[in-house]
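Please view the sequence and the model before reading on.

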Amino acid sequence: MSPRNIALVCASNQNRSVESHALFLKKGYNNIRSYGTSQQCKLPGPSIDKPNVFPFGTHYKVMYDTLKAQNPELYKANGILTMLERNMRVKLAPERFQDDPTHFDLILTFDQRVFDIVVEDLQTRDSGNSEPAHVVNLQVKDTHEEATIGAAHSLQLVQMIEKAGESWEDLMDSILEEFQEKTNRKVLHSLVFY
């Protein structure tokens, strides 16, 4: 049996995780959820030291309208409005991984810092079930272009896992090794019980 529940996790549930979420939905997957791990959602602002900060749960439409009212030319030119339009098609609002008690068989992260946060969070959860979860990090730079490549790679990895069938968990190390050889993308892997 392939993974029943899959989580895609980046820092703010804005770019990398939602780009992957959109691709998975387009390919017919309905067992996918996406999340962030930061305290708040940050989007680029008028300068590097003035990001736009929103709490998790703020609807993407509210973010879109806020930024469009602030400076439509800037946020159109840097791709943020286009990204938020995509996000609105995928889900209502960004969600924080640590706030969702759902058990996932496979969790794909897109940044080592996010990987560390997810693993630590799972190790401290007291679910009472102690079921396995494979956490895999694909290091993806937080740009629109890299998010697209990262999404394709995350889909490729899940398809490789599915191809292994019921033995996927036993074959995870060899699947990841083959994936790294095919994509030239280094991965981190941790098996966590929660």
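Are R16 and D111 buried or exposed? Both R16 and D111 are buried, where buried means under 20% relative accessible area, exposed over 50%, and partly exposed in between (1.4 Å probe, protein chains only). The model is predicted: local features need pLDDT of at least 70, side-chain atom pairs count only at pLDDT 80 or more, and totals for chains, interfaces and linings use all residues. Residues are numbered from 1 along each chain as its sequence is written, and side-chain values use heavy atoms, with hydrogens and water left out.

A salt bridge is a side-chain nitrogen of Lys or Arg within 4 Å of a carboxyl oxygen of Asp or Glu. By this rule there are 12 salt bridges, including those tabulated here.

| Salt bridge | N to O distance |
|---|---|
| R16 and D111 | 3.8 Å |
| D100 and R33 | 3.2 Å |
| D65 and K61 | 2.9 Å |

R16 lies in helix α1 (residues 16-26) and D111 in the loop between β5 (106-109) and α5 (112-124), so this pair ties together parts that are 95 residues apart in sequence. Helices (H or I, at least four residues) and strands (E, at least two) are DSSP runs, numbered from the N terminus.

D100, in the loop between α4 (80-90) and β5, and R33, in strand β2 (residues 32-36), also link distant parts of the chain, 67 residues apart. D100 counts as buried at 10% relative accessibility, whereas R33 is partly exposed at 30%. A network of salt bridges links R33, K91, E95 and D100.

D65 and K61 are 4 residues apart in helix α2 (residues 60-70), so about one helical turn separates them. D65 is partly exposed, at 37% relative accessible area, and K61 is partly exposed, at 44%.
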